Amino acid sequence: MKQIKILWVDDEIELLKPHIIFLQSKNYLVETANNGNEAIESIQKQKFDIILLDENMPGMSGLETLNEIKNLNASTPVVMITKSEEEYIMDEAIGSKISDYLIKPVNPKQILLSIKKIVDQKRLITEKTTSDYQSEFQKIGIKINDSFTYHDWIDVYKKLTFWELELEKDEGNAMEEILKLQKSEANNAFSKFIKKKYFSWFSSENEDKPLLSPNIFKQKIIPLLDKNEQVVVIVIDNFRYDQWKYIQPEISKYFNVYEDEISFSILPTVTQYSRNAMFAGLMPSEIEKLYPELWRNDEDEGGKNLHEEELLKKQLARLGRKEKFYFDKITNLKGGKRLIDNAAALSNFNLSVIIINFIDMLSHAKTDMEMIKELASNDSAYRSITLSWFVHSTLFELLKTLSLKNVKIVITTDHGTIKVKNPTKIVGDKNTNTNLRYKQGKNISYNPKEVFEILNPAKAYLPSSHLSSTYAFALNDNFFAYPNNYNYYANYYRDTFQHGGVSLEEMLLPFVVLSNK
């Protein structure tokens with residue numbers, strides 16, 4: 001382990017010899033300087049991990065030395081040590097971005113504590129995090145093998161997400177690779193679970209089923225309206241649970257998290273199916289049957305999600321709701337500004353529904369644009385871009401405005417996304433849809449062991465374009481590629497973010513209710 005190098009600057013440095021010996025006994029390298037000029041010379045020659053700086057020195061004062069140090073290396077932590085308790089000195093030192101402030105006389109343990117707090121904190125946290133995950137690794141592995149219900153899988157996914165975010169705080173932590181392997185193991189087991197249990201979720205006799213896309217409004221939003229709550233529903237397209245946990249600290253500055261649950265997307269995990277189902281309160285085949293004018297199959301021309309407002313209106317009518325609602329879909333900056341301009345108008349509606357498409361556009365750009373591929377090269381970078389977008393977005397601006405009002409905010413999504421790695425061969429005719437994570441058609445050829453196949457779409461409440469239509473869903477981090485130009489497409493789409501198939505990241509979704517503080 002690298003030794004921490006300390007520079008201690010004090011005009012009475014000889015009197016501090018016992019303190020220095022104490023630090024050296026703790027395996028720190030300590031160099032000394034009698035005044036500010038000596039300190040600056042030392043800093044110009046070598047790099048220190050931390051500087052202990054006396055405030056009251058003849059010649060160049062501690063504050064003057066501090067300014068010079070920050071000019072040379074602004075990131076070097078400095079601990080100011082002084083006899084004076086004058087408030088203006090503290091203010092100046094803190095304003096100059098010191099890392100800590102100690103009042104003389106100081107004892108060795110005070111110095112040691114300050115050093116550990118500043119320099120060793122990251123290492124100690126990393127070691128503790130690594131140790132904690134190592135002890136949890138086996139427990140999570142057992143849980144993966146023993147997950148027989150959707151409740152179990154929610155617990156597994158929450159645990160994996162927690163450790164993923166913890167371990168990434170230490171860049172290059174070797175345990176990150178172990179976690180990736182465990183997450184892949186979890187997705188393989190989850191795929192088997194979906195194959196076994198998915199159809200049972202649509203049985204009227206089965207009461208133990210997750211919160212699914214078509215039931216979001218009926219089971220969650222309407223009960224809030226029944227309590228006379230003013231509700232704003234924000235649907236962030238393609239929004240994963242880990243992305244929610246990434247932005248939660250920013251949101252928690254303005255809201256209390258009233259509910260933090262996980263819902264499940266139906267299959268296919270794409271907007272055409274899952275979001276239309278959410279707004280209609282119906283499964284896709286039911287939408288097609290009841291409102292054929294509002295449904296488009298994969299082979300049909302035109303947009304597939306152009307009628308969400310009408311579908312929501314029909315669902316509310318079926319549920320006996322008479323209130324008018326606000327509906328908006330934000331697809332660009334102009335739309336975001338329009339939303340901010342209309343923020344005051346939301347108070348005129350008991351229910352407002354806002355769709356945000358930025359993250360979906362980002363995931364598609366990851367496929368098509370080299371610059372985005374570089375910026376979102378992995379899940380950690382993808383989360384980081386999401387956070388950067390959010391804190392500067394008109395959505396966050398709107399949320400801050402709404403935090404001053406007595407309103408319940410619901411944040412959810414229609415589906416998630418997964419970074420794909422492994423191509424799976426599939427053959428289809430010219431009418432087969434182009435999605436990389438699911439295929440629907442009448443002449444699809446694939447290895448049944450590599451997919452979740454639905455040979456009878458009606459059983460999963462999915463529309464059939466033909467009598468012999470089938471659906472095939474990619475599992476884990478696989479993606480479909482045709483034999484023609486197989487290598488080209490395999491390389492082109494590998495490491496891009498896709499959705500439509502079966503994975504924890506695509507199917508297990510954040511459902512969050514916020515209340516104002």
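Start with the open sheet of five strands, whose order is S2-S1-S3-S4-S5 and whose pairing is parallel. Strands, of at least two residues (E), and helices, of at least four (H or I), are DSSP runs numbered from the N terminus. Two strands pair if DSSP finds at least two bridges between them. S2 and strand S5 (100–103) stand at the edges with a single partner strand each, so one side of each is left without a neighbour in the sheet. Direction ignored, neighbouring strands of this sheet are turned by 20° against each other on average; angles otherwise run from 0 to 180 degrees between N-to-C directions, and axes are lines fitted to C-alpha atoms, for helices over the stretch in contact.

The model is predicted: local features need pLDDT of at least 70, side-chain atom pairs count only at pLDDT 80 or more, and totals for chains, interfaces and linings use all residues. Residues are numbered from 1 along each chain as its sequence is written, and side-chain values use heavy atoms, with hydrogens and water left out.

Select residues 5–9, which are strand S1. Four of the five residues of S1 are buried, where buried means under 20% relative accessible area, exposed over 50% and partly exposed in between (1.4 Å probe, protein chains only).

Which residue of S2 is the bridge partner of Trp 8? The partner is Thr 32. In S3, Trp 8 stands opposite Leu 52, and Leu 7 stands opposite Ile 51. In a regular strand, side chains alternate between the two faces of the sheet.

Now show helix H1 (residues 17–25), which makes a right-handed β-α-β unit with S1 and S2. To check the hand, point the strands away from the viewer: the crossover is right-handed if the path from the first strand over the helix to the second runs clockwise.

Go to strand S7 (residues 255–264) and pick Phe 264. At 1% relative accessibility, Phe 264 is buried. Leaving aside neighbours within four places in sequence, its contacts (heavy atoms within 4.5 Å) include Tyr 150, Phe 190, Trp 201, Ser 213 and Met 507. Ser 274 is ten residues from Phe 264 in sequence, and their C-alpha atoms are 9.6 Å apart.

Move to Ser 213, in the loop between helix H7 (175–197) and H8. Is Ser 213 buried or exposed? Ser 213 counts as buried, at 3% relative accessibility. Not counting residues up to four places away in sequence, Ser 213 touches Phe 264, Ser 265, Ile 266, Ser 274, Ala 277 and Met 278.

Follow the chain into helix H8 (residues 216–226), where the buried residues include Ile 216, Phe 217, Lys 220 and Leu 224. Just after H8, Asn 228 has a positive phi of about 65°.

**Helices around H17**

Two packed helices are described by the angle between their axes and the distance between the axes. Select helix H16 (residues 379–391) and helix H17 (residues 394–402): their axes come within 6 Å and cross at roughly 55°. That makes H16 oblique to H17; angles under 35 degrees count as roughly parallel, over 145 as roughly antiparallel, 65 to 115 as roughly perpendicular and the rest as oblique. Trp 389, Phe 390 and Val 391 of H16 make the contact with Leu 395, Phe 396 and Leu 399 of H17. This contact has six nonpolar residues, no polar and no charged. Ala, Val, Leu, Ile, Met, Phe, Trp, Tyr, Cys and Pro count as nonpolar, Asp, Glu, Lys and Arg as charged, and the others, Gly among them, as polar.

Next select helix H13 (residues 333–341), which packs with H17 at an angle of about 10°, with the axes 9 Å apart. H13 is therefore roughly parallel to H17. Gly 336, Lys 337, Leu 339 and Ile 340 of H13 meet Thr 394, Glu 397 and Leu 398 of H17. Here the contact residues divide into three nonpolar, two polar and two charged.

**The three-stranded sheet**

Finish at the open sheet ordered S14-S12-S17, where the pairing is mixed. Strand S14 (445–446) and strand S17 (478–481) stand at the edges, each with a single partner strand. S14 pairs with strand S12 (residues 422–427) in the antiparallel sense over two bridges, and Val 427 has Ser 445 as its bridge partner in S14. Helix H18 (residues 486–493) packs on this sheet, touching S12 and S17, and its direction makes about 145° with that of S17.
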